[in-house]
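Please examine the sequence and the three-dimensional model shown below. The explanation after it is meant to be read alongside them.

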Amino acid sequence: HLDFRNDLERNHGWNFATTCDTETLLALFWAKAIEDKLNKKEICSILGNLDAFGIKPLFVAKTDEHQYIFASEIKAFPSNIKSISEVNPGTYLDLKSTQTSKRDIPGINFEEIQWFHFNFSEDSSVESLYNQDGSIETLPPNLAQRIRNALKLSVHRRLIGDVEVGVLLSGGLDSSLIAAIAAAEKKKIGIRIKTFNIRFDDSSSDNAMAKLVAAFIGSDHFEYSFEKQEVSEDLDNILWHLETDDQLIVRAAIPLFFLSKQIRKFHPNVKVLLCGEGADEIFAGYSLFQKYASSENALEFSYELSRRLIHIGTSELLRVDRCTMAHGLEARVPFLDLDFVSICMKMCKISWKMKTPEKWVLREAFREEKLIPDEVLERRKVEFATGVGEWKSVLTNFATKNGELESSYYRKILLNRFITEKNSSFANSLTTQLKNREIFRKSILGNSILSIDDCYQFMTNVLLLEKEDLIDAPRENLLNTLIVAMLSCIPFHNLTILTQPRRPPTYFEIREDMMNGIGGPCSVVNTFFSWLLASLSFDVHLVECSINGVENCHVGIIVLIQEENSLTKKKYFVDVANGKPYACPAEIPLDNERFSSIFEHSGLRWRLARQGDIVELQHCHENLWNPAIYFNPHKPV
């Protein structure tokens with residue numbers, strides 16, 4: 001922001017009263033408004049925007065008096081709110097838009113910002129740095145250097161400010177690298193950075209490692225602890241700040257809540273904390289990725305990695321922001337710097353991220369730097385809530401004594417607090433937000449997602465389904481019910497292409513046409529259907545299809561359904577926007593190089609056949625199999 005400040009002072013005459021970056025933002029808005037006025041333009045109507053990951057939350061509410069209010073927490077709104085919407089990461093809000101918002105707040109348009117693409121296509125400029133199959137033992141030196149430089153620059157940017165900055169140091173790989181880089185930066189100007197750690201009891205595995213790193217990098221290290229009694233006394237307050245009943249988030253949040261409390265009490269000058277969140281989502285650090293650790297699961301691996309990074313704002317970042325801000329501390333996340341993420345997502349092959357030990361790319365990039373002790377560089381992932389000590393059973397016992405499941409116990413406490421502090425209507429708004437957040441988190445489709453109300457309105461009013469038809473889990477029976485209804489009730493046509501500009505349809509155009517039963521081309525019908533399935537907790541991905549030799553002229557859907565009592569998922573091809581429709585989804589055994597699956601519908605015989613990477617949908621006419629559609633299920637849109 002310093003570059004902006006210099007320009008504003010020199011060219012716009014702004015006299016800054018502080019060195020705060022927020023004042024720079026205010027001055028930029030002022031300068032833009034003056035420029036628009038001088039040029040007789042309409043004053044800028046953008047009201048707010050959110051970063052690509054949701055590092056800081058943002059909600060917008062509408063009151064009975066037709067006022068719009070913004071806040072970073074739901075509880076901040078007055079009790080007379082009419083509706084609340086959580087702004088998704090990577091979006092901006094425009095009050096003057098006349099389009100209907102997908103979050104049902106009329107008058108506000110939520111538009112997605114294309115910050116960058118979450119894909120794994122390697123940058124062609126570095127193609128020569130590695131073998132085609134990624135089978136190398138060391139990271140290419142040029143790429144390792146770019147990763148190091150990007151992370152160092154990211155930390156440097158987040159140390160800028162007029163307040164003291166500390167580091168949350170767990171003793172794991174991620175936080176240790178951030179602490180080491182920050183310590184080296186501060187050492188250049190003769191300052192020893194402060195690092196902080198917390199434990200529950202003597203079983204903490206993080207404690208010893210954090211001390212080792214602190215001694216190695218030369219930081220002033222402070223260690224604190226918390227006890228069972230504190231958890232019991234503060235649980236209501238912790239849930240009030242978190243605004244979630246997700247048991248995994250709550251478990252991981254409690255140590256950070258107490259650590260933030262101690263930092264605020266004993267180190268009042270520390271206002272900013274650097275943390276190591278984001279690395280596990282970028283480099284596949286979680287143990288759950290181990291089940292994908294084979295080449296035939298590379299597609300699922302990349303989907304899950306993308307999903308977790310896209311939705312980190314609903315999990316790790318939510319925990320970090322709420323716990324630190326509850327005590328007036330700002331958490332900054334160097335691993336989520338856009339330049340750093342872009343390099344690591346676009347230039348690192350999936351096969352590297354599937355290597356063991358986890359986060360192999362990050363370890364290799366910093367191996368020669370010797371920034372942290374070797375035993376920490378090689379240390380395997382330990383979940384934060386586990387590393388601070390064996391205390392999670394305390395929470396389970398609290399719930400068990402009350403005869404409830406852990407998440408139900410949290411929700412009861414949370415809603416009771418909201419009813420007491422606000423009212424029952426406000427508590428219902430919170431419940432809706434929790435449901436929508438869970439839907440959003442499970443989808444890889446990002447902001448293109450439907451609310452539960454949208455889903456049931458469409459399925460009952462347009463697809464003419466009864467509510468009892470929709471109570472199934474995301475299994476094949478429910479999928480078939482929805483497919484048959486779509487083919488019966490939604491017309492497939494290209495008429496809207498003739499009445500709208502020649503461009504990809506927007507979210508709002510797709511939603512409006514489908515919610516009114518108008519239908520449209522495949523880009524409308526199948527895309528909307530994928531949103532519907534994702535909102536109902538199906539695992540879905542769009543694929544480009546070719547028809548009659550015309551490449552990539554059609555969009556189909558791949559649906560992954562987990563088998564009951566099994567960890568494996570079956571893959572199905574679905575198409576509800578085709579001139580020759582079929583109903584039953586056809587299973588695609590992707591672990592089989594050659595297969596043929598025959599099924600019948602509406603008097604037609606269909607066959608799904610695969611040779612190599614290409615899957616072809618064929619229909620039988622006069623005993624001859626004719627190709628209808630073909631696609632590569634490994635290449636999602």
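Predicted model: local features only at pLDDT ≥ 70, side-chain atom pairs only at ≥ 80, totals over all residues.

Residues are numbered from 1 along each chain as its sequence is written, and side-chain values use heavy atoms, with hydrogens and water left out.

The secondary structure of the chain consists of 23 helices and 19 strands; these are DSSP runs numbered from the N terminus, with helices (H or I) of at least four residues and strands (E) of at least two. Of the 637 residues in the chain, 53% are buried. Buried means under 20% relative accessible area, exposed means over 50%, and partly exposed lies in between (1.4 Å probe, protein chains only). Among contacts (heavy atoms within 4.5 Å) between residues at least 6 apart in sequence, 64% join residues at least 24 apart.

The interior may be considered next. A nonpolar core is a set of buried Ala, Val, Leu, Ile, Met, Phe, Trp, Tyr and Cys residues joined through side-chain atoms within 4.5 Å. The largest such core has 102 residues, of which Ile147, Leu235, Ile254, Ile282, Leu336 and Phe340 touch the most other members. Apart from it lies another core, of 38 residues, including Phe458 and Ile557. Leu336, not counting residues up to four places away in sequence, touches several residues, among them Phe53, Ile282 and Leu317.

Leu317 is also one of the buried residues of helix 10. This helix (residues 316-325) is largely enclosed by the rest of the structure, because eight of its ten residues are buried. In helix 4 (residues 173-187) one finds Ser176, which counts as buried because its relative accessibility is 0%. Leaving aside neighbours within four places in sequence, Ser176 is in contact with Leu169, Gly171, Val213, Ile372 and Val376.

What is the place of Leu28? Leu28 is in helix 2, and at 30% relative accessibility it counts as partly exposed.
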